[in-house]
Amino acid sequence: MRNPLVALGVVVLCCMTVPIIISVASYRDFKNTGKSDVQNIKMTQITDKNQSKKPKKEIINYETVNKDAPTINIYNHKLGKDEKKDIEKYLYGVLAGEMPSEFDIEALKAQAIAARTFVIQKKEKGTNAGHKNSVVCTDFRHCQEYKSYEELQKNGEEWMKTSYPKIKQAVDETKGQIITYEGKAILPLYFSTSSGKTENSEEVFSGKYTYLQSVDSPYDKNSPKYTSTLKISNKDFVNTMSKSYVDMKVEESNLNNQIRILERSTGGAVEKIKVGNKEITGRDIRNIFGINSANFEIDFNDEYINILVKGYGHGVGMSQWGADGMAKEGYKYYEILTHYYTGTQITDTY
């Protein structure tokens, strides 16, 4: 080697230059492609996160049996006679009478199954007191509301064109389906509007049913009857209570010191309330003053009181407005029913 110093200089220069060239090339590659890769990773993570939040729901088909619908005897209290009807056609009139047709189709299906279950449960148990030759009657105070086709026509031509087909769809697409518990048709209680929770059956009625237990019902706030107020003068309150309980001792002045809520149910209804010298129930107050539910507070003033009420109905079983709210959130009818009726199944019977 002629000049060792020159050779050494070349080697040093190469050692310094090559890493720089490699770094620049790598930077260009990262600038051109690396950002997209990072974005792709982030987008994949977001997609996966969204997919985990909203998994695809499996649609369950409960239509497993295809038999003719049974015919049942129905006591028409408006006509004062028994009538033979196909149970499914009878349910058209029940659904139209019990739930607004404007409700979501999944809520209507849930109501149709509850109404059908009510009939089957009556038929199985033979609990047809008051109409011995028929399974059910058309009086909502005893059985379920029912409107004949002729009565429904009074809703107008537009309603018959748009709403009646929706009613029929809800019944037809759940043909033969009922709610069961341990293989038997349940007592499918339902009502209009909860106060945010439903009630335990034993806290409202005398019987305890495992499937009629308190559950959350968060969508009832959309109901026009979610809250209501009764304003009544102290004088009228005292007079009304004294007529209902002749031995009650309560005075118009200082009512706030004479009325005290003692106990509430799991769902929030007043279980026990002391008025003057007597302990009564919230249901007693509801019946006496005709308020919407037994879930209430009392706001006292000098000359009157406000009874502040939440919910509408007895509060046991399925809330109809709660069911509609669940349906609008994407829940299917069978999810609604198994939510409100604890531990139950949907069974196709014909």
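This is a predicted model: local features need pLDDT of at least 70, side-chain atom pairs count only at pLDDT 80 or more; totals for chains, interfaces and linings use all residues.
Residues are numbered from 1 along each chain as its sequence is written, and side-chain values use heavy atoms, with hydrogens and water left out.

Let us stay with the cysteines for a moment. A disulfide is a covalent bond between the sulfur atoms of two cysteines. The rule used here asks for a pair of cysteine sulfur atoms within 2.5 Å. The cysteine sulfur closest to that of Cys 137 belongs to Cys 143, and because the two lie 3.6 Å apart, they are too far for a bond. Cys 143 is buried too, with a relative accessible area of 10%. By this rule, the count of disulfides is zero.

Now step back to the whole chain. The protein has ten helices and 14 strands; helices (H or I, at least four residues) and strands (E, at least two) are DSSP runs, numbered from the N terminus. Of its 350 residues, 43% are buried. Take the contacts between residues at least 6 apart in sequence: 66% of them join residues at least 24 apart. Contact here means heavy atoms within 4.5 Å.

Next, look at how some helices pack. Two packed helices are described by the angle between their axes and the distance between the axes. The axes are lines fitted to C-alpha atoms, for helices over the stretch in contact, and the angles run from 0 to 180 degrees between N-to-C directions. Start with helix α2 (residues 87-98) and α3, which pack at about 120° with their axes 10 Å apart. They are therefore oblique to each other. Angles under 35 degrees count as roughly parallel, over 145 as roughly antiparallel, 65 to 115 as roughly perpendicular and the rest as oblique. Among the residues that meet are Leu 91 and Leu 95 in α2, and Leu 108 and Ala 112 in α3. This contact of α2 with α3 divides into ten nonpolar, one polar and three charged residues. For these classes, Ala, Val, Leu, Ile, Met, Phe, Trp, Tyr, Cys and Pro count as nonpolar, Asp, Glu, Lys and Arg as charged, and the others, Gly among them, as polar.

Leaving aside neighbours within four places in sequence, its contacts include Leu 95, Phe 103 and Ile 167. Leu 108 and Tyr 333 are 225 residues apart in sequence, yet 8.1 Å apart in space, C-alpha to C-alpha.

Helix α3 also packs against α9, at an angle of about 135° and with the axes 7 Å apart. Here Glu 106, Ala 107 and Gln 111 in α3 meet Gln 320, Ala 323, Asp 324 and Ala 327 in α9. By class, that contact of α3 with α9 has three nonpolar, two polar and two charged residues.

From there, follow helix α9 (residues 320-328) to helix α10 (residues 333-340): they pack at about 135°, with axes 10 Å apart. That makes α9 oblique to α10. Residues of α9 that meet α10 include Ala 323 and Ala 327.

Methods
Buried means under 20% relative accessible area, exposed over 50%, partly exposed in between (1.4 Å probe, protein chains only).
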